[in-house]
Amino acid sequence: MAQSALIVIDVQTDFCPGGALAVADGNAILPVVNRMIAKADHVILTQDWHPAGHSSFASSHAGKAPFETVTMPYGEQTLWPDHCIQGTPGAAFHPALDWTKAELVIRKGFRPAIDSYSAFYENDHSTPTGLAGYLRERGLSELTLVGLATDYCVAYSALDAVREGFAVTVAMEACRAIDLGGSLAAMTDRMKAAGVTLA
Ligand code: VGL
Ligand code: ZN
């Protein structure tokens, strides 16, 4: 029997209102996410976890402002305000998130020179986080994704999960988007085209 896991993406203080890279209404998902955690067979969390001075921060690039882009060796990278710095309060899980049941916390974005939206691969699309191997070894093949932000970390995780052969549902009511320049519509279309179930 296929086993299912709930993957809760980046429900961290910095992505919620008042945080450094606040997603509008990000905290509104908490009651829904907590109910889904309570019902899930297996729960895995991701945590955006950058060293200070990370290359995805606009502050690391002279003359650049947040939400502009730069070209990195691995392609185009959007620049962000400093956020989710390892060990800081902003990098912690939101205090209302019921995370105690989580069986694994996967941290990402810790390599100074590469950003990592996806829970599976860094933004070069080739450096693995180890999550695919972990899920396969445990026989967890049906994944439901929730969290922040719909159009970045949730969407890239969903696309990589499908590419890795998992059955993937994104529970849209338990996600909120950054929506930069139409990114929510674009990533929603890409997820649909890739075979992600949007619930
Ligand atoms: C995220 C931008 C930068 C996310 C993380 O969790 O969607 N977005 N770092
Ligand atoms: Zn980040």
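## Overall architecture

The protein contains 4 helices and 8 strands. Read from the N terminus, its elements follow the order β-α-β-β-β-β-α-β-α-β-α-β. The radius of gyration is 16 Å, close to the 16 Å given by the globule rule for 199 residues, so the protein is as compact as a globular protein of that length. Along the principal axes, the C-alpha trace spans about 55 × 30 × 30 Å.

Of the 199 residues, 41% are buried. Among contacts between residues at least 6 apart in sequence, 70% link residues at least 24 apart.

## Confidence

This is a predicted model. The average pLDDT of the protein is 97, and 99% of the residues score at least 70. For the complex, the predictor reports an ipTM of 0.98 and a pTM of 0.97.

## Helix α3

Helix α3 covers residues 150–163, 14 residues in total. From first C-alpha to last, α3 reaches 18 Å, close to the 20 Å expected at 1.5 Å a residue. The helix is mostly covered, with 12 of its 14 residues buried; among them are Thr 150, Tyr 152, Cys 153, Tyr 156 and Asp 160.

Just after α3, Gly 165 adopts a positive phi of about 95°.

The residues around ligand 1 include Tyr 152 and Cys 153, both of which are buried residues of α3. Leu 148 and Ala 149 also belong to these surroundings, and the peptide bond that joins Leu 148 to Ala 149 is cis, with omega near -15°. Ala 149 lies in the loop between β6 and α3.

## Backbone exceptions

Most residues other than glycine have a negative phi, and most peptide bonds are trans. Asp 25 has a positive phi, near 65°, although this residue is not a glycine. Asp 25 is located in the loop between β1 and α1 (30–39). The residue is exposed, with 11 other C-beta atoms within 10 Å.

Phe 67, likewise not a glycine, has a positive phi of about 80°. Its place is the loop between β2 (43–48) and β3 (69–72). Phe 67 is partly exposed, with 13 other C-beta atoms within 10 Å.

How values were computed. Residues are numbered from 1 along each chain as its sequence is written. Chains are lettered from A and ligands numbered from 1 in the order in which they are written. This is a predicted model: local features need pLDDT of at least 70, side-chain atom pairs count only at pLDDT 80 or more; totals for chains, interfaces and linings use all residues. Helices (H or I, at least four residues) and strands (E, at least two) are DSSP runs, numbered from the N terminus. The expected span of a helix is 1.5 Å times one less than its number of residues. A residue is buried if 20 or more other C-beta atoms lie within 10 Å of its own, exposed if 12 or fewer, and partly exposed in between; C-beta atoms are placed from the backbone. A residue is near a molecule or strand if its C-beta atom, placed from the backbone, lies within 6 Å of it. The radius of gyration is taken over C-alpha atoms; the globule rule is 2.2 Å times the number of residues to the power 0.38. Two residues are in contact if their C-beta atoms, placed from the backbone, lie within 7 Å. pLDDT is the predictor's confidence in each residue, from 0 to 100.
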